[in-house]
Amino acid sequence: MSNRPARVQVTEVGTRDGFQAEPKFIPTETKVRIINDLVAAGVPRLEYSSFMSPRAVPQLADSAEVLQGVDRRSTMMGLIANAKGARRGVDAGVDELVVVISASESHNRKNVNRSVDESLDGFEEVALIAADASVPVHGAIATAFGCPFEGDVPFEQIGYIAERFEKLGFHGIGLGDTTGMATPPLVTGLCRYLRDRFPEMPVALHFHNTRGIGLCNVMAGLDEGIDKFESSIGGLGGCPFAPGATGNICTEDLVYLLHEMDIETGIDLDRLCEVARYVEDVVDHRLPGQVMKAGTRARLHALDEARTATG
Ligand code: ZN
């Protein structure tokens with residue numbers, strides 16, 4: 001008796017969530033190569049960049065140019081926070097818009113300098129721009145499992161935002177654990193709360209591994225039948241506006257877990273690990289991904305090369 005899905009849709013967010021935290025500018029053609037390598041590895045959806053203010057997020061100022069060079073076999077989504085971003089994203093030709101709001105007042109103010117209601121009101125125009133261009137909108141709720149400034153976020157607050165999203169015609173919601181405050185019981189509770197109130201609304205989970213339990217949270221989501229997860233290659237990531245925020249859960253580690261559980265993703269794990277190693281070279285620092293270093297459990301070692309372990 002399990003609700004676990006037979007197939008999971010993985011959305012790669014590393015070239016957005018991850019790269020925005022990288023201080024050194026990554027050349028446009030390098031971004032294009034990484035995205036195309038991810039598409040070639042079978043990643044079906046990518047939140048490939050954002051259309052925020054180029055001053056606030058200089059690393060992603062080239063989002064329109066990047067889109068020109070990428071393989072459009074996979075769905076390319078652009079993150080936005082307001083109507084201005086929506087217009088830029090639509091003009092650039094994104095397949096989908098991801099509009100983000102923080103569930104907590106203080107984090108939303110810190111992130112986009114607006115109250116939650118001001119952001120939601122502004123989304124009316126986002127919805128119109130998107131509808132005009134026939135571009136679907138996915139609503140992302142940051143700090144859905146807790147806020148670094150306010151602590152617990154009541155489920156009712158998530159319900160309030162989800163209801164507005166539903167009225168705006170958004171085709172799904174993402175629950176973002178921006179600073180790694182989710183725990184398995186919280187994930188179970190929030191997924192059940194939303195399923196009861198919005199049974200038709202597809203839910204995606206976006207975890208950061210800040211406290212080392214990102215994949216445990218995935219397990220809790222799978223048990224609730226969630227079949228959409230967001231992750232970043234190599235475990236890149238962080239949020240420049242959230243104190244102590246570290247990387248997303250790692251795409252290769254997630255895919256390894258899913259495949260070992262006989263859950264399909266359509267992704268080639270070996271190719272994904274190659275991309276992760278390339279990304280590590282590009283950013284020029286170690287990434288937290290583990291399967292790219294250890295290989296899968298199918299990788300055996302020659303007996304005479306191995307030291308004996310007693311632990
Ligand atoms: Zn994130």
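## The zinc site

H206 is buried (under 20% relative accessible area, with a 1.4 Å probe and protein chains only), at a relative accessible area of 7%. D17 also counts as buried, with 3% relative accessibility. This is a predicted model, in which local features need pLDDT of at least 70, side-chain atom pairs count only at pLDDT 80 or more, and totals for chains, interfaces and linings use all residues. Residues are numbered from 1 along each chain as its sequence is written, and side-chain values use heavy atoms, leaving out hydrogens and water.

The zinc ion has D17 (OD), H206 (NE2) and H208 (NE2) as its protein donors, 2.0 to 2.1 Å away. Donors here are N, O and S atoms within 2.8 Å of the metal (3.2 Å for Na, K and Ca); with water not among the atoms, sites may look incomplete. Along the sequence, the donor spacing reads D-x188-H-x1-H. Since D17 sits in helix α1 (residues 14-18) and H206 in strand β7 (residues 203-207), the pair ties together parts 189 residues apart in sequence. Helices (H or I, at least four residues) and strands (E, at least two) are DSSP runs, numbered from the N terminus.

## How α6 meets α7

Now for the helix pair. The axes of α6 (residues 116-132) and α7 (residues 155-168) come within 10 Å and cross at roughly 20°. That makes α6 roughly parallel to α7 (angles under 35 degrees).

On the α6 side, V116, D117, L120, D121, F123, E124 and A127 make contact (heavy atoms within 4.5 Å) with Q157, Y160, I161, R164, F165 and L168 of α7.

Key
Axes fitted to C-alpha atoms, helices over the stretch in contact; angles between N-to-C directions. Parallel < 35°, antiparallel > 145°, perpendicular 65-115°, else oblique. Buried < 20%, exposed > 50% of the residue type's maximum accessible area, 1.4 Å probe, protein only.
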